[in-house]
Amino acid sequence: MYSQDTGLFHNHQEFTKQDSLRGSITPERAWWDLTYYHLDVNVDPGKKNISGKNTIGYTVLKPNQTLQVDLQPPLKIEKVTQNGKELSFSSEANAHFVQLKKQQKIGSYDEIVVHYSGHPKEAIRAPWDGGFSWKKDENGNPFVATSCQGLGASVWWPNKDHMYDEVDSMKISVTVPKDLMDVSNGRLVGIDTHKNSKTFHWKVNNPINNYGVNVNIGDYVHFDGKYEGDKGTLDLDYYVLRDNLEKAKKQFKQVPKMLKAFEHWFGPYPFYEDGFKLVEVPYLGMEHQSSVTYGNQYKNGYLGRDLSGTGWGLKFDFIIIHESGHEWFANNITNKDIADMWIHESFTAYSESLYLDYHFGKKAASEYVIGTRKNIQNDIPIIGVYDVNHEGSGDMYYKGANMLHTLRQLVEDDEKWRSILRGMNEEFYHQTVTSQQIETYLSEQTGKDLIAFFNQYLRTTQIPVLEYKLKNGTVKFQYSNIVADFDMPLQVVVNDEKKWIFPSSEWKEISVKENIQTFKVDEDFYVETKVLK
């Protein structure tokens, strides 16, 4: 997701038991491995009501007879069954604890079926305050979509609502009024026609995170294409409102350009088996896996605006590029805990720069990412609080992107940097990971000790300040506003000549042959400077 809404990233000082039930790997979650879902739901746009069931398949990792399922009020669980027998359960707000009758044996596979219904939370400002968006198109037809990052998928369907355990595959069956269409994740495998409705069956063949699952309902028309990519032929499918077909056919020509750039930088698109879809929705957009949603009004930039202020942001449709970048960072590589959401957002915000690099050159890429620095708040750290479903600062976008851009400079080898990014998507293919895993991987692959680097940019709000003094042919310099052991090298320009310097918390100096006329830190490094007399 992309956010300019700082209200999404608030810093809770106090957490409740419900935060822990939502955000931690509870004993009632830990004992079973999520294997399969079949979400079968009926959506009634007229009544703003949903009803249905979710079959949850799991493998037993260790003995336990209590299983946690998550579903948020005002939706209600009507009953839970296993092998046709109804089970009892107790509830604590969003968390529901199902008492299993059958003895759970290690290694065995079993299923429960959770039946539910109600009026799901209505999105206020989707996707930032999500849920169900119940809208209408310009012809008066229902135009309905879900978005639930942060809130959690349990805002509209019952599931194991924690990022650490992704389902291996799933089926999504959505029943809608007969004149409408549902578009969800994966591939369309069948349509059942009833008297007044239709059921659309979708199959997801890859692991998928819970918030990536979506329902999009409207008077859609469809067109398609093919992309010859790193793993063969990738199917491209586009679903847009009937009146927007011609605009979409023009604007969505950016999709193959996006794939070309991102397969170059990150490796193969991670979900060839499920295809790639772009689906029009009544909100800005989201990174729903293999079903990327789009509401950028068929404009380049972010709703027609350049977030960098450089002009480069108008060279591409922000939602197509950013939300599709999440297919690699969020959907392929997924954070175990939402506190580490920088793994999703920093790399994806940075992907915008790499898209420009591929199509417009390195200078354009640098100017763009540097231009976004004006949006950095430095309010709270990028990494949030663990085990309580707490996100860090919205700086995970711009500050995170500039941190990665700075790291590229330290690598000093763009092909090596590219191989590191591609290697990440191979090493952590279809996995959930921690920040520590990503930090360790980058340290090992760059051959640099990046502990202090990541502590500085991810865990504090402090931006390193290079303090320096100029006198005749000498530059004296040191870092201030830094964490322990921070000693990141910098490239500087002295009298139009590039040099590397190696600042630390101690004063150092370099000398040049003639008097210093100009001294400047390369802007590609995200630091501040202060000249001292």
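Modeller: This is a predicted model. In it, α4 and α5 are oblique to each other.

Colleague: Which numbers describe two packed helices?

Modeller: Two numbers do: the angle between the axes and the distance between the axes. Here, α4 covers residues 254–266 and α5 covers residues 318–325. Their axes lie 10 Å apart, at an angle of about 40°. Angles under 35 degrees count as roughly parallel, and 65 to 115 as roughly perpendicular.

Colleague: What is the hand of the crossing of α4 and α5?

Modeller: The α4 and α5 crossing is right-handed.

Colleague: Which residues of α4 and α5 meet?

Modeller: From α4, Gln254, Val255, Met258 and Phe262 take part. They meet Ile320, Ile321, Ser324 and Gly325 of α5. Sorted by class, this contact has five nonpolar residues, three polar ones and no charged ones.

Colleague: Why do residues three or four places apart point the same way?

Modeller: An α-helix has 3.6 residues a turn, so residues at that spacing point the same way. Look for that spacing in the α4 list, which includes Val255, Met258 and Phe262.

Colleague: Now a second pair. At what angle do α8 and α11 cross?

Modeller: Roughly 160°. The axes of α8 (residues 398–411) and α11 (residues 451–459) come within 10 Å. Over 145 degrees counts as roughly antiparallel, so α8 is roughly antiparallel to α11. The crossing of α8 with α11 is right-handed.

Colleague: Which residues of α8 and α11 meet?

Modeller: α8 brings Lys399, Met403, Thr406, Leu407 and Leu410. α11 brings Phe453, Phe454, Tyr457 and Leu458. The classes are seven nonpolar, one polar and one charged.

Colleague: How many residues of α8 are buried?

Modeller: 14 of its 14, which leaves α8 mostly covered. At 1.5 Å a residue, α8 should span 20 Å, and its end C-alpha atoms are 20 Å apart, so the two agree.

Colleague: What follows α8?

Modeller: Glu412 does, with a positive phi near 65°.

Colleague: Last, a loop residue. Is Asp161 buried or exposed?

Modeller: Buried means under 20% relative accessible area. Asp161 has 4% relative accessibility, so it counts as buried. Asp161 sits in the loop between β10 (142–147) and β11 (169–177).

Technical notes
Residues are numbered from 1 along each chain as its sequence is written. This is a predicted model: local features need pLDDT of at least 70, side-chain atom pairs count only at pLDDT 80 or more; totals for chains, interfaces and linings use all residues. Side-chain values use heavy atoms; hydrogens and water are left out. Helices (H or I, at least four residues) and strands (E, at least two) are DSSP runs, numbered from the N terminus. Buried means under 20% relative accessible area, exposed over 50%, partly exposed in between (1.4 Å probe, protein chains only). Axes are lines fitted to C-alpha atoms, for helices over the stretch in contact, and angles run from 0 to 180 degrees between N-to-C directions. A crossing is left-handed if the near helix is turned anticlockwise from the far one by less than a right angle, and right-handed if clockwise. Contact means heavy atoms within 4.5 Å. Ala, Val, Leu, Ile, Met, Phe, Trp, Tyr, Cys and Pro count as nonpolar, Asp, Glu, Lys and Arg as charged, and the others, Gly among them, as polar. The expected span of a helix is 1.5 Å times one less than its number of residues.
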